[in-house]
Amino acid sequence: MTTSNSEAAQPGVMVGPTSEFSLFFRVKAGQAASLRAALKELQDTPGYRPGDYGMAIGTIHEARFVLFDEDRQLAFITSFDGPWDAYMEDFFTSGPTLQLFDTIFRHSEGYDGLPDLAAVRSFVLGAQQSAAAYARNYGGTVKEIRKAQRVNAAFERVLDHPDAAEALRHPALQPLLDEAAG
């Protein structure tokens, strides 16, 4: 596990360019059912549906909400690329995403809601706990991974071209062919 030299400057643990970010909230008494409905609304929103990859904040690797302790507590756990301040700026300017999170957070103790962004920021920081351990199974930023996926898709189209076999005989392309075969 690699930690950032600027660990004290931002919450969470960094591995390479990516930071984990974990928040824990207490659910208001009697609010669990409404909170689950708000989480379902988020899950049904484009970019957050399973199989969608167009989250409003393009630096997020993944994110999840977890209700636990018999629905008395809520965890929000994510990882993102870059510094925490940039992530928070993206969050606060994400428009509909901020509104969706407002709908979720309002079921948590201590949340005063929008439009006071300073209060929302303080609420988020107050719920943050750095991971005791954090690891990643792959390198790269979201931007780099998406580019690799586009390059792979383009290479697949090249392989499907009728003249590909002749074009790919050049020895300089052998490492690419070896990787594609693996």
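Student: Into how many nonpolar, polar and charged residues does the lining of the largest cavity divide?
Tutor: This is a predicted model, in which local features need pLDDT of at least 70 and side-chain atom pairs count only at pLDDT 80 or more, while totals for chains, interfaces and linings use all residues. Residues are numbered from 1 along each chain as its sequence is written, and side-chain values use heavy atoms, with hydrogens and water left out. Ala, Val, Leu, Ile, Met, Phe, Trp, Tyr, Cys and Pro count as nonpolar, Asp, Glu, Lys and Arg as charged, and the others, Gly among them, as polar. The lining then divides into 13 nonpolar, one polar and no charged residues.

Student: What is the volume of the largest cavity?
Tutor: A cavity is a set of points on a 1 Å grid over the protein atoms alone where a 1.4 Å probe fits but cannot get out, and its lining residues have an atom within 4 Å of a point. Grid points are joined across faces, edges and corners, and the volume is the space filled by probe spheres set on the points. The count comes to one cavity of 30 Å³ or more. The largest cavity has a volume of about 110 Å³.

Student: Which elements give two or more residues to the lining of the largest cavity?
Tutor: The lining holds 14 residues, and Phe21, Phe76, Tyr87, Phe91 and Phe101 lie nearest the centre of the cavity. Helices (H or I, at least four residues) and strands (E, at least two) are DSSP runs numbered from the N terminus. The elements are β2 (18-26), β3 (60-68), α2 (84-92) and α3 (96-105).

Student: How far apart in sequence are the parts that aspartate 85 and arginine 121 tie together?
Tutor: A salt bridge is a side-chain nitrogen of Lys or Arg within 4 Å of a carboxyl oxygen of Asp or Glu, and the count comes to six salt bridges. In the one between aspartate 85 and arginine 121, the closest N and O atoms are 3.2 Å apart. Because aspartate 85 lies in helix α2 and arginine 121 in helix α4 (residues 117-127), the parts tied together are apart in sequence by 36 residues.

Student: Is phenylalanine 24 buried, partly exposed or exposed?
Tutor: Phenylalanine 24 is found in strand β2. Buried means under 20% relative accessible area, exposed over 50%, and partly exposed in between (1.4 Å probe, protein chains only). Since its relative accessible area is 35%, phenylalanine 24 is partly exposed.

Conventions: 1 Å grid on protein atoms, 1.4 Å probe; cavity = no way out; pocket = protein on both sides within 12 Å on 5 of 7 lines; lining within 4 Å.
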